[in-house]
Amino acid sequence: MPSINQTKPSSNEEGQVRLDKSNVLKNEREEFHAFLSFAEEDAKTAEMLYRALTQYGLNVWFSKIHLGPGDSIINTINQAINDSKSGIVLISPNTFNDPKHFPRLELNSLLTRDLYHNKPFFPVYHQITPEEVAEELILIGDRLATDTVNGIDEAARRLFEALKKQEIL
């Protein structure tokens, strides 16, 4: 629920009065440990990963849960990425072949946050090799990733450990 606070005038070094509007309207937004990105074709696998991660007590943004009727898809996803301390990207061949390009856009946004804003992302390879990923996006080709070869629960455990190591938890 938004709360309205009064604005406070302040002056700068030149004595000019300016109005601080930063507290005029504060939306209480939820902060997430991670934003979970996936291609629509991988929704079932992504849901299993989401459920496994929440079993560790992680607060994960997952579009199938947090995106509702009437929401602006782009604005809501953008805000969720901004409100997340990290990103988890379920990368499969579908990531690079989605006609809507959302998985690729999310991946690029999370990569940018990792490079410039110290908010790491963690790739999870699903039915794809590191070499295939590097062919599509060389910038993440050297990133140590987990995968789903040993199951979703093992991938979630490894992600949980990585998030702890990065002090996100």
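**Exercise 1.** Is S92 buried or exposed? Find its place in the chain and describe its surroundings.

*Solution.* The model is predicted: local features need pLDDT of at least 70, side-chain atom pairs count only at pLDDT 80 or more, and totals for chains, interfaces and linings use all residues. Residues are numbered from 1 along each chain as its sequence is written, and side-chain values use heavy atoms, with hydrogens and water left out.

Step 1. S92 sits in the loop between β7 (87-91) and α4 (93-97). Helices (H or I, at least four residues) and strands (E, at least two) are DSSP runs, numbered from the N terminus.

Step 2. The relative accessible area of S92 is 0%, so S92 is buried. Buried means under 20% relative accessible area, exposed over 50%, and partly exposed in between (1.4 Å probe, protein chains only).

Step 3. The side chains of S92 and D42 are joined by a polar contact of 2.4 Å. A polar contact is a pair of N or O atoms within 3.5 Å; within protein, one must be able to donate a hydrogen and the other to accept it, and residues adjacent in sequence count only if both atoms are side-chain atoms. The S92 side chain also reaches the backbone nitrogen of N94 at 3.0 Å.

Step 4. Not counting residues up to four places away in sequence, S92 touches D42, H126 and I128. Contact means heavy atoms within 4.5 Å.

**Exercise 2.** Which residues of α5 are buried, and how are they arranged around the helix axis?

*Solution.* Step 1. P103, E106, L107, L110, L111, R113 and D114 are buried in α5.

Step 1. Viewed down the axis of α5, the buried residues fall within an arc of 160°, so they line one face of the helix. The arc is that of the directions from the helix axis to the C-beta atoms.

Step 2. The face turned away from the buried side of α5 carries the exposed residues L115, Y116 and H117.

Step 3. Among the elements that cover the buried residues of α5 are β5, β7, α4 and β8.

**Exercise 3.** Describe the aromatic pair of Y50 and F62.

*Solution.* Step 1. The whole structure holds four aromatic pairs. Rings of Phe, Tyr and Trp (its six-membered ring) pair if their centres lie within 6.5 Å; planes under 30 degrees apart count as stacked, over 60 as edge-to-face and the rest as tilted.

Step 1. Y50 and F62 are stacked, at 4.9 Å centre to centre with 20° between the planes.

Step 2. Y50 lies in helix α1 and F62 in the loop between β6 (60-61) and α2 (63-66), so the pair ties together parts twelve residues apart in sequence.

Step 3. F38, Y50 and F62 form one aromatic cluster.
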